[in-house]
Amino acid sequence: MNDHGAGGERLTHFVSQEPFNPVIDAELTPEQERFYMASQWRLMWWKLRRHKLAVIAGGILLLLYLSALFAEVVSPYELSHRNRTHIFAPPQPIHLFDKGRFVGPFVYGFDRSVDPNDLRRVYTPNPEKVQPLRFFCSGGYRGADYEFWGLFDGDFHLFCPAEKSATVFLLGTDRLGRDMFSRIIYGARISLSVGLAGITLSFLLGIVIGGIAGYYGGWIDNVIQRFIEVLRSFPRLPLWMALSAAIPAKASPVAVYFAITLIIALLDWPGLARAVRSKLLALREEDFATAAELLGASPRRIIGRHLVPSFASHLIASATLAIPEMILAETALSFLGLGLRPPITSWGVLLQETLNIQAITITPWIMTPVIPVILTVLAFNFLGDGLRDAADPYK
Amino acid sequence: MIGYIVHRLMVMIPTLLIVSALVFIIIQLPPGDFFETQIAEMKARGEGVDLNQIELLRRTYGFDKPLYAQYFGWLFGMVQGDFGHSFAHNRPVTELIGERMLLTFIVSFATIVFIWVVSFAIGTYTATRQYSLGDHFATFMGYLGLATPNFLLALVLMYLANAWFDTSIGGIMDDQFRNQPWTWAKAWSVLEHLWIPVIVIGTSGTAGMIRRLRANLLDELQKQYVVTGRAKGLPPRRLLWKYPLRVSLNPFIADIGSILPDVVSGSAIVAVVLNLDITGRMLLEALAAQDMFLAGSFLMFLSVLVVIGTLLSDLALAVLDPRIRLTGGPAK
């Protein structure tokens, strides 16, 4: 039928001169071979890499966690250093050009005065005071000295103000004259680690309890399922509030930190446990599970060695999606004054200051911890979505 | 159908019992009780403390009895409509929380309706115009809405209203109506103030619902019966409304059970930020002061609100979906 060309001309009969290869369909190009031989994790990585948003989100998270790790270096001022002369100073934006002339990154210094009407301090940027930032600098101003991780003394910073009397408050200062930007960076250490610590706990609980329910089934499964349903029907935040109200007021900051993490994890595991259970229910019917059982493997070994690894990727994806909820829970509790308390500084603790609406009208920059919170939550959501799509690379 | 309703009601009773036991354990968790806190406070102020009187109060409220007896006393009291006594306010709990509960209920209900209406409109729009500019914009806003915690949204809105319009958007009604009996004017005032908390609490739920509706509708629109309908010349609007949209509306009812806890949670913290006379701040104070009956009643009420809401959504789903009605369990 199709052996006529477009013009109706008969085509010449074609015979390939190459030797006959009967397995040509089964042979793979090198790229195909690389693809088919790749491990599951490698495939997932390839698939995740194609998800642009997830990659960007992952980069942002990496940056956030790194700066939390090296908070002392990234922030120009020490966490609790008070600039007594700069109470509620507004943010100093970074400029590059001064009167049309390029000077590199610099800030304008402040002129301080007192408003005669309501005796408020007023800071006006003075265009004569050009204060170029110094980068990779070693101290030389007040508030520069720190103890790195509480272990070594140091005064090395990523960037510092120009000289001793100069200031650099990228996001302004709070009511005690503490630099907001530095405090947010230090706060990231607590806020971001609460998410990780909480998810570790809730992961363990979820895998163990969900594993038991899914593997044994029967009445054990039923009891656990009912309990999970009850837990999930609780509105979580009021319950968290009630539980954290039970933390004694005299508890040490470290104890409070761990108690809060525990409380958050206690209400979060049901979601993970459900995911584990449903996966287990499906997987334990597979042949390899039966084979392991016939070979005499103990339930613990079957769950831990054979079943969990086969859905570990799904678990990681759901864990990534659960972390932002924990960060938000800590922020909300600390914000309400029930969670972490000063001297521990987290984003929620910083936001406590904003409960006074009068304060934020005059000094809106104390609301800036809102930005990293939203950024983190968004980044985790995008990364989690990407991971979830990549979790099943054979689809 | 009747069998299913009875079954669901029977399941609800043990659930509520476990909930009440958990709530009781939680409010008992803080070391000491209200009176100990108060004795310490009065001593700190240098006031004399009449220990006999405190002991009498303790006995009146049954604090000297073993825990299980206290629990059952509390439970039976609640069944009969007696929620105990608030020590901090020195009034029966029922008097204190009655109106707040009603307002919490109104806010939650209005939020659910808001979620339905907005996600219906936007979800249908984005699914029928996939990958259009509006779709991308809605998806982006949806991500932002999901990621922004509601109390921060409330904070930002408060600030913007204050900075741009120089008004306060806090409160659930005008001040002159507080602690007044209900009148039309008061109800109107509540309605006027309702929309801010409703938007704030409902944003993340709406974003989630839009996503689900969009995904459902997109799935449905690719099915063969839709293609057939289009091929035989059904008008587009009728083709959309007749089946695909109806089928994809399932999560509107089915997801109430998972949205409602979030809405109630959200209302608790947003109430603190926006200074609403619903549960938030009073619960916070009751927890801090170990005013256990008041705190317990709030927790209990919020949980019951969720449990009953879930029950209603399950029943509504059974009416709508014969698969559930006939097999006796939700087909998930």
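Here is a short tour of chain B, with one stop in chain A.

You're looking at a predicted model, where local features need pLDDT of at least 70, side-chain atom pairs count only at pLDDT 80 or more, and totals for chains, interfaces and linings use all residues. Residues are numbered from 1 along each chain as its sequence is written, chains are lettered from A and ligands numbered from 1 in the order in which they are written, and side-chain values use heavy atoms, with hydrogens and water left out.

**Select chain B.** Its C-alpha trace spans about 90 × 55 × 35 Å along the principal axes. Colour by secondary structure and you'll get 16 helices and two strands; these are DSSP runs, with helices H or I of at least four residues and strands E of at least two, numbered from the N terminus. Of the 332 residues here, 47% are buried (buried is under 20% relative accessible area, exposed over 50%, partly exposed in between, with a 1.4 Å probe and protein chains only).

**Zoom in on B 2-28.** This is helix α1, 27 residues reaching 39 Å from first C-alpha to last, close to the 39 Å expected at 1.5 Å a residue (the expected span is 1.5 Å times one less than the number of residues). Which residues of α1(B) are buried? Among them are B:Y4, B:R8, B:M12, B:T15 and B:V19. An α-helix has 3.6 residues a turn, so residues three or four places apart point the same way.

**Now pick B:Y131.** You'll find B:Y131 in the loop between α5 (93-128) and α6 (133-147) of chain B. Its phi is near 65°, a positive value in a residue other than glycine. B:Y131 is exposed, at 59% relative accessible area.

**Last, hop to A:F136.** This one sits in strand β4 (residues 134-138) of chain A. The phi of A:F136 is positive too, near 45°, and A:F136 counts as exposed at 60% relative accessibility.
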